[in-house]
Every structure is written in C-alpha cells, then in structure tokens.
Amino acid sequence: MDDQNKNLILAIALSSLVLLGWMFFFPPPEVEPTPEALATETVPASAGDTASSPGADATGAVTSQTSEEASASDAPRIKIESDRITGSISLQGGRIDDLALKDYRVTNDAPEIVQFLSPVGEQGAYYALYGWAPGSGLTADDVPGANTLWHTPDGAQLTPDTPVTLTWDNGKGLTFSRTIAVDENYMFSVSQSVSNASGSNVSLAPYGTLARHGEPEDMKNFFILHEGLVGMADGELSELDYSDVADFDIDPRDGSRSEVKQVEGNGWIGFTDHYWMSTLIPEPGQSFRSIAKYDERRNIYQTDIVLPTVTLADGASTEVTTQLFSGAKEWATIRAYEKGGIAGFLDSIDWGWFFFLTKPIFAVLHWLNGLIGNMGWAIIALTVLIKILVFPLAYKSYASMAKMKELQPEMEKLKERSGDDRQKQQKEIMELYKREKVNPAAGCLPILIQIPIFFSLYKVIFVTLELRHAPFFGPFQDLSAPDPTSIMNLYGLLPWAGPAPESLLALVFIGILPLLLGISMFLQQKLNPAPTDPTQQMIFAWMPWVFMFMLGGFASGLVVYWIANNTITFTQQYLIMRSHGYTPDVFGNIKASVKRKPKAENK
C-alpha cells in the first residue's frame, strides 16, 4: 500500500473518527425554554386545561373553543382490554386517554409495563378525543366536545370482539353516537354519527384530535432519531421536531401557533416517540384538513384532522369513520396496516437519509431473526450476507493490495533514484502502476462501502423497536443498550451490574465487546506493515484503541456487527492476499510495532 493509498485511508478513518467522536461527546443540547414559555410557567394550569377543539363556521373556517373541565378522575370509564393493550376510555369527552402496552416493560429488569396515553391531571397528559365542530345553525353547546358526558350501557367493555357505543342527545333534536372498536394490535376504529330531528337544516364537521401536554420526559434528543410531529399528506412525509411546531406562525383566530394543510387524498398525522406512536388516520381517499398547533399558554401540542363540513336536512343522518393508531412501532404490524390501505404508513418509522439502505437492511434482519430466533446471531448472519454481496469488490481490492506488495521493492528503488524530487517520484510510481495494471485506490473500496452500511445499521439498531430489549446470550440481554459487562463485574461473571452507561466510569471500564472490537481492528491492521511516515504510524497505532473506547458506549448490537465484520474482513483479506503469492506476516508486524527503535534512529 503506497503513501497515496494510506493517506486516503487515513483521511477516511479520521473523518469517521471525528464524526463518531462528535456524536458521542457532543450530543445536541436540550432546548431551553423561551422567555414566553418561562412567563407562562408562573400561571399554574388547572386539571381542567385540555386541548382546544376545532370549530367551524358556516364557511368551514377553523376556529377554537376552550372550556373549563370537571376533574377527569371523577368521570366514569369504560375498560379497554386485549392481549396486547390495557386501559380505559373516559366518558367525559369520550377520550381515549388511558393506554398501556402489555408486551413492553419500562426496563428490562422490572415488571412495570409501558404507560403510553395518560389522562388530563397526570404528568405528561396525552390523549385522543373526537367531536363535531359547529357550523351554521349550531353553537358550541349544541355539539359534543371535550367536556361532554357520554352514555353507554352498563358493563360495556372494549375488546377486539366487543366494540362499545357511546351516545349523547343535545336536547334540541340532534342525537350523536360514537362506536369505538379495536383490533388485536394497536388500531382503533372510531365511527361518529349524528341524526337530525331538530326541524331545520344544520351544518357541522367531524374532527379528531391528539393532544400532548408538554414534551415527553424521556426524549432522547439525539440527532439520529426523530421525535415529534409525523404526518403524511398526499404522499409527502413531514417530520417536525417539537421546537419546529412551537415556531409556527401565530393564528390570530385562536392565538395558537399552527399550520394547516389541505389533504386531497390519503394522509395521516400524529406524534412519534422513539418506540411508540399515535396517529389520526382518515379513511383512504378521504379529503381533510391536517392541522398541527402549539398552545404556548398551556404548553399543549396538538394535531387535528377536520373532515369536510356536512349539511344535514331535518330527518337526515350521517356517519364518518376514522382510525387511531396508538401503540408500538412494530415493523411487521405497521407494514400490515400499510398493505391494508394506509398509504406510506411504514415511513412513520424514522429510516433516515439512507432509507434505501436502512429499509432493506432491517427487512433482512427481521427475516433472519425470525429464522434464527436470536437477534444477536441474526446481526452476525446479516454481516455474513453483506460481506458475500460485496465480495467481488473486496476480492479485486485485496488482489490489488497483494500485487502492490509484490511491487514494494521496485517502488523503494524508484524512491531512492528520485531522491527529493517528489514530482518525478510520483510520475514514475504512477507509470509503474499503469504498466503492472494495479489500481492504488482499490484497497479503499471496502472502507468506502462500509461507511454507509455502518451508519445505516447503526440507524436500524438505534431506531427500530425490534432491537429494544432483544437478548443475545449471557449478560447481553438488550442489544440496543451498551455492553453491560465491565472489569468491575468480571465481564459478566459476577452477579451485579457494571457502571451506568452515562457515568464517567463506563467510559474507562469498558465491556468485553468493545475490547474484542479493539483487538479485531488491531489484528486487521497488522495484515500490512506499519507506514513509514512516523506521524501516520502513530495515528494508525492508536486508532483501534481510540475506537474501542469510543464505541464502548454504543449499542452492543452495533459492536457485535463491527466485530463480526472485522473478523470476516481479516479472514478474507488474509486468504485472498495469500492466494496471490503474498503471505501477510501478522505476527511479524505485531512484533515490529511493539519493538523499540534504537536511540540512534530517533536522533
């Protein structure tokens, strides 16, 4: 490998090192509250503060109505129960505001399941509500809203086999009904109907609302992950952070910061967390207004879907159905919903800029996990498949490197003949390459290919739910978390945990997987002699150990991939170079790297 090739590899490696170091040591800071938000903190929010409900006048313009609620904890509730979720619906407003996910625990070693939706009055209230916005001939009191007390038969319980129906009569001839159903996973179906016996024509518009009081407490605030608003509008995906929503222009009609989009065909909108999501979904082909807003005074983020205004003659009735997804972002589940007609729903998972790599990588990883039954071994199997795919390039690369090793003596003679004339030296070396049909940059191809694959796999491991709490073996029971072993627990042999991942000790007392990573990088490096340039030699010598400590805090699944990749690369490179007449002197290069130079050479 000549100096040009080494310089290119060194530049790529140092660039990767800088990027990884910046990601690790300088994560994005948490957003500080604005002066306006700080001012509103002095005004305590009552338990009755709730999301504003969209209203509609005769022309269909959106306004807002607010009202003081009674205590949500006093309202009667309907039980929600299935194999995968548990919770309840408040009859005050008919809100879906209590939902827990049975299949997911808060931590890997605790029985507490994940509580996703929470009612008003609790920390981080998060809920869905539905209603009708009043148009001509109606006032806000004539339609059901956030405070309406709905009625349901005694003993009603929402299960996949038993939908529930809520009813409310406004006492003026309008009877409202709402039927809520849930499937075996996380999709709710909400059918709203109204019958007009008022003696006159009325206009009203059905809507659905998702409201979140403040930002989630467990936000990661990491640039590789999107958390916040997510939506699809006629094939266009929107991903906005909470800070972006808070920067919307102020709507003079209700004082909130809002953005309104008219969706002509397919779309949905909601909020996404790291592993969970809630979205409002009209029926495919249904036009609607997609609204995102932020109420600074009450610190409420809100998304609305407002369907077209309906005019009902006396004696007429109408019904509309929308869906609510609220649960875990499971790839297979969301993919099934997309195949069932929800356009672009799989894009609700944050695949990132390299979506053309992350999507197929995860699809293959998911298939391998189902085949093998272990995510750790699935990652290793995926690594083998990737190495098979890039083997033709790797073969040419390592064959070219072996050929360059054969030319090394002649290159040294060229350097001696040219002396200090660098231009002449480079010209003669390039002529030698051309004459012997050697590509000096061929050795960099595997590295260039690995960089996008590495970041794509890192994205997959960090973002996707399927890696959360996924076990490998022994102490490695969560491949989305850093290696839990340490010298402090004899690398998993002692029955106690190592240093907390966020602690300073975890940066020093790294686990067994990062150690294996450093060793594998070191051995791979020793397939070639050290560079002659002292600066390059020092950088290359330190690089495996710097990466070892830097990646100690990364997801253990990613470190497993890198160890497997280094091991396979080492084996491929050794065998290919040997088949072309050059046998790498691994142990000799190791001895040369640790052997002290005579003092005379350092003078």
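Glu296 and Arg257 are joined by a salt bridge with an N to O distance of 3.2 Å, a salt bridge being a side-chain nitrogen of Lys or Arg within 4 Å of a carboxyl oxygen of Asp or Glu. This pair links distant parts of the chain, 39 residues apart. The model is predicted, so local features need pLDDT of at least 70 and side-chain atom pairs count only at pLDDT 80 or more, while totals for chains, interfaces and linings use all residues. Residues are numbered from 1 along each chain as its sequence is written, and side-chain values use heavy atoms, with hydrogens and water left out.

**Glu296 and Arg257**
- Glu296 lies in the loop between strand E18 (288-295) and strand E19 (300-306), and Arg257 in strand E15 (residues 257-263); helices (H or I, at least four residues) and strands (E, at least two) are DSSP runs, numbered from the N terminus.
- Glu296 is partly exposed at 22% relative accessible area, whereas Arg257 is buried at 19% (buried is under 20%, exposed over 50%, partly exposed in between, with a 1.4 Å probe and protein chains only).

**Arg77 and Asp97**
- A salt bridge of 2.8 Å, N to O, connects the side chains of Arg77 and Asp97.
- Arg77 sits in strand E3 (residues 77-81) and Asp97 in strand E5 (residues 95-105), 20 residues apart.
- Arg77 is partly exposed at 32% relative accessibility, and Asp97 is buried at 0%.

**Glu330 and Arg84**
- The closest N and O atoms of the salt bridge between Glu330 and Arg84 are 2.4 Å apart.
- These residues are 246 apart in the chain, and both are buried.

**Total**
- The count of salt bridges comes to 13.
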